Amino acid sequence: KVILLNDDDTPREFVVMVLKAVFRMTGDQAARVMITAHQKGACVVAVYQRDIAETKATEATDAGRSAGFPLMFTTEPEE
C-alpha cells in the first residue's frame, strides 16, 4: 500500500494536485486523503502490487521534491 505522510510545509493544494495526477483521484477523493493525513499524520492512498506501489510512491515524492517541498509517500505491505 502507498501511504501519504503529513508534513507542515507542503501546501494542501499541491498535495491534492499530486494525488490527482499520480493516483488518478477526483478532487474530492484527493482532498479527503490529504485531510486524513493532515489530521492523523498519515493516510493510505491506495493498494497496488508492490512494484507499482513503489513506482507511484517515488513519482509522487519526486513531484514534491522537484517543487521544493518535503512531500513524502512511502510503501508498506498490505496485511
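Helices here are DSSP runs of H or I with at least four residues, and strands are runs of E with at least two. Counted that way in this predicted model, the protein chain holds three helices and three strands.

Now step back and look at the overall form. A compact globule of 79 residues would have a radius of gyration near 12 Å, and the 11 Å of the protein chain agrees with that. Along the principal axes, the C-alpha atoms fill a box of roughly 30 × 25 × 20 Å. Of the 79 residues, 37% count as buried. Take the contacts between residues at least 6 apart in sequence: 65% of them join residues at least 24 apart.

Let's finish with the aromatic rings, which form three pairs. In one of them, the ring centres of F14 and F69 are 4.9 Å apart and the planes meet at 55°, so this pair is tilted. F14 sits in helix 1 (residues 12–23), while F69 belongs to the loop between helix 3 (50–66) and strand 3 (72–75), so the pair ties together parts 55 residues apart in sequence. F14 counts as buried because its relative accessibility is 13%, under the 20% cut-off; F69, at 23%, is partly exposed. Elsewhere, ring pairs link F23, Y48 and F73 into a cluster.

Technical notes
Residues are numbered from 1 along each chain as its sequence is written. This is a predicted model: local features need pLDDT of at least 70, side-chain atom pairs count only at pLDDT 80 or more; totals for chains, interfaces and linings use all residues. Side-chain values use heavy atoms; hydrogens and water are left out. The radius of gyration is taken over C-alpha atoms; the globule rule is 2.2 Å times the number of residues to the power 0.38. Buried means under 20% relative accessible area, exposed over 50%, partly exposed in between (1.4 Å probe, protein chains only). Contact means heavy atoms within 4.5 Å. Rings of Phe, Tyr and Trp (its six-membered ring) pair if their centres lie within 6.5 Å; planes under 30 degrees apart count as stacked, over 60 as edge-to-face and the rest as tilted.
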